[in-house]
Amino acid sequence: MKKAVFPGSFDPITLGHQDIISRALPLFDEIVIAIGINDDKKYMFTLEERLQFIKDTFKNEPKITVTTYKGLTIDYCKEVNADYMLRGLRNPADFEFEKAIAQTNRKLSGIDTLFLLTSAETSYISSSIVRDVLRNGGDYTILVPDSVRVK
Ligand code: ADP
């Protein structure tokens, strides 16, 4: 059984994340979307909100589970018996950053990272841009799945 963990902050999930996950679905039997908990980081959305947004987005997709974890992502992958990690690449900066992490992870654990290149339509989207638009009262809804709505 091919299982991948897609780790991230998802603060909040965007159409960019959704695109990568949807395109990876045919490659795996199960994808675990895992929100990493970092106590030192300030988030705009609570953990519960971030979880709910992702669960609602993929509520009709039986191959997807949504969880949270603390500590090293490779340890979490082992805990849930996933041999692969999934990440998305938007630009050269993502590549440089991800390369070092993926190589370290593989050295430490044997777990390989699968990268999918962002779609042209979503390549400019990031959670931080969504947060910026939100803070300043702009229309964030064109950047996120329908499940992400702020009252
Ligand atoms: P992290 O804090 O780990 O970077 P994010 O939630 O920001 O968590 O991102 C999780 C993953 O989704 C990363 O691999 C990131 O490169 C990818 N990603 C984010 N936005 C996009 C996008 N627009 N297109 C493709 N991949 C994306």
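A backbone N or O atom of Phe10 lies 3.0 Å from an oxygen atom of the ligand. The model is predicted, so that local features require pLDDT of at least 70 and side-chain atom pairs pLDDT 80 or more, whereas totals for chains, interfaces and linings use all residues. Residues are numbered from 1 along each chain as its sequence is written, and side-chain values use heavy atoms, without hydrogens and water.

Phe10 belongs to the loop between S1 and H1 and, although not a glycine, has a positive phi of about 50°. Pro12 is also placed in the loop between S1 and H1; a cis peptide bond with omega of about 0° joins Asp11 and Pro12. Helices (H or I, at least four residues) and strands (E, at least two) are DSSP runs numbered from the N terminus.

| Residue | Protein atom | Ligand atom | Distance |
|---|---|---|---|
| Ser9 | polar side-chain atom | oxygen | 2.7 Å |
| Phe10 | backbone N or O | oxygen | 3.0 Å |
| Ile125 | backbone N or O | nitrogen | 2.8 Å |

Taken alone, the ligand exposes 560 Å², of which the protein buries 87%; these areas come from the Shrake-Rupley method with a 1.4 Å probe. Strand S1 (3-8), helix H1 (15-24), strand S4 (84-89) and helix H4 (92-109) are the elements that each give two or more residues to the shell around the ligand. There are 17 residues around the ligand, and Ser9, Gly88, Thr118, Thr122 and Ile125 come nearest; a residue is near if one of its heavy atoms lies within 4 Å. The shell has five nonpolar, seven polar and five charged residues. Asp, Glu, Lys and Arg count as charged, Ala, Val, Leu, Ile, Met, Phe, Trp, Tyr, Cys and Pro as nonpolar, and the others, Gly among them, as polar.

The ligand takes up the space of the largest pocket. A pocket is an open set of points on a 1 Å grid over the protein atoms alone, with protein on both sides within 12 Å along at least five of seven lines; lining residues have an atom within 4 Å of a point. A molecule sits in a pocket if more than half of its atoms lie within 2 Å of its grid points.

The largest pocket holds about 1,100 Å³ of space, the volume being that filled by probe spheres set on the points. Of its 42 lining residues, Pro7, Gly8, Ser9, Arg87 and Glu98 are the closest to the centre. H4 gives the most to this lining, with eight residues.

Definitions and conventions: A polar contact is a pair of N or O atoms within 3.5 Å; within protein, one must be able to donate a hydrogen and the other to accept it, and residues adjacent in sequence count only if both atoms are side-chain atoms. On a 1 Å grid over the protein atoms alone, a cavity is a set of points where a 1.4 Å probe fits but cannot get out, and a pocket is an open set with protein on both sides within 12 Å along at least five of seven lines; lining residues have an atom within 4 Å of a point.
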